[in-house]
Amino acid sequence: MALRRKLGESSNFSCKMMLSFSRYYSSNKVDLKKLRPMILKRIQDRAKDYPVQSMIPVAEEVLNSRRLLIQGVSTLLKVIPVVACKFCPEVHISDKGHLIQTCCGFKRRGRNRVHEWITGSLKDVLVPVEAFHLKHMFQGVIKHNQRFDYDRVPAVVELCWQAGANDENLYSGTWNPESDCVAVEGAESLSPAELTLVANGTLRAWEILRNGVKKLLMVYPAKVCKDCSEVHVGPSGHKARLCGLFKYERWQGTHFWRKASVNDLVPPNIVWRRRRQDPLVLLNEGRGYYGHAPAVVELCAQAGAIVPSKYRCMMKVEGLTSVVNQGLPPPPFNLTEPYRLLHPKDHV
């Protein structure tokens, strides 16, 4: 009887709590027209805190590093050959392409085929990422019918502009992308020591650029589409219906926004890397053993630059080279799962 009485009291108490919560949340509907002036006032007050004065030197350093990076890569491309696939974004830092069957091709072309190589350019090494140029950071959301009223500028430049960097090329009203693509004159006649000096400076600019963008993204918001990699620098994404990857799965090509990272604004563009123990042309049978590296890092490494130690695990400098010579089964082609070397007793 006592147990039943306790259970009844607890059930009555829970019912009273549920009724109190329901009474608390059962208020009248919120009038958004009354809240709109308050929301706009908060947005205006928030805009007064930007740009952050301590981040202005970081933004200016990022812009300077970007110019040095583009100039250094343009100079190295005149000495070191780069090839790109005709049908997919694959890039290889060599005069001849590899034979690894990873070509995704066009829509009506078969996948996992050998690449068809053509001469590469600056855009193949440094992947261009553009965004809408906003008049100010907390302006209204760009609608679909306003998409041609705004210029398209590099996303890193737009981020630095919102961070308070003073760029004359951007403030002039028209963005000129060719103003940064200036290589060193007479790059073909550079000595190996001078070429190594250029490569070290380019690699240093690459690291400063990525570290600076990472710091800026901690303070300034940026969005990226989950499906098509469209980037928008601002507190909220735009409403231009430009999503083309899964346009039949989204409503009229609208973007699905998420928080952007460094790799979204500065793509590393991972490429295959040929080591000393590898054959002259990389074969499809040994693709589980070959190393990888960002295209800029591989380009600078072939020019004699000292590669930071954080890339050595990816590059597999002292790794195995051939499946036939070692007598081991081919590893699975999945970069997320590490390949475990077999113990000699496992072969018995």
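Start by selecting Asp264 and Arg258: they form a salt bridge, with the closest N and O atoms 3.7 Å apart. The term covers a side-chain nitrogen of Lys or Arg within 4 Å of a carboxyl oxygen of Asp or Glu. Asp264 counts as buried at 17% relative accessibility, while Arg258 is partly exposed at 37%. The cut-offs are under 20% relative accessible area for buried, over 50% for exposed and partly exposed in between (1.4 Å probe, protein chains only).

Some housekeeping before moving on. This is a predicted model, in which local features need pLDDT of at least 70 and side-chain atom pairs count only at pLDDT 80 or more, while totals for chains, interfaces and linings use all residues. Residues are numbered from 1 along each chain as its sequence is written, and side-chain values use heavy atoms, leaving out hydrogens and water.

The structure holds five salt bridges. Next, pick Glu207 and Lys310, whose closest N and O atoms are 2.8 Å apart. Glu207 sits in helix 7 and Lys310 in the loop between helix 9 and helix 10 (312–315), so the pair ties together parts that are 103 residues apart in sequence. Helices (H or I, at least four residues) and strands (E, at least two) are DSSP runs, numbered from the N terminus. Glu207 is buried at 13% relative accessibility; Lys310 is exposed at 54%.

Then go to Arg273 and Glu298, which meet in a salt bridge at 2.9 Å, N to O. Since Arg273 lies in strand 9 and Glu298 in helix 9, this pair ties together parts that are 25 residues apart in sequence. Arg273 and Glu298 are both buried.

**Helix 9**

What do the buried residues of helix 9 pack against? Their partners are helix 3, helix 4, helix 7, strand 9 (270–273) and strand 10 (291–294). After helix 9 comes Gly304, with a positive phi near 105°.

**The core**

Now select Trp206, Val213, Leu216 and Leu265, the residues with the most contacts inside the largest nonpolar core, which has 58 residues. Such a core is a set of buried Ala, Val, Leu, Ile, Met, Phe, Trp, Tyr and Cys residues joined through side-chain atoms within 4.5 Å. Helix 7 gives the most to this core, with nine residues. For a close-up, centre on Val213: leaving aside neighbours within four places in sequence, Val213 is in contact (heavy atoms within 4.5 Å) with Val62, Val156, Leu159, Val262, Leu265 and Val266.

**Out to the surface**

Switch to a surface view and select Leu99, Val114, Leu280, Val281 and Leu283, which make a nonpolar patch of about 420 Å². Patches are made of residues with over 30% relative accessible area and no salt bridge, joining like charges within 9 Å and nonpolar side chains (Val, Leu, Ile, Met, Phe, Trp, Tyr) within 5 Å. Leu99, in the loop between strand 2 (91–92) and strand 3 (117–119), counts as partly exposed at 41% relative accessibility.

**Colour by confidence**

Last stop: pLDDT, the predictor's confidence in each residue, from 0 to 100. The protein averages 80, and 74% of the residues score at least 70. Over residues 171–175 the pLDDT is below 50. Residues 333–348 also stay under 50, and the model has 16 contacts beyond four places in sequence for them.

Technical notes: Accessible areas come from the Shrake-Rupley method with a 1.4 Å probe; for residues, only the protein chains shown count as cover.
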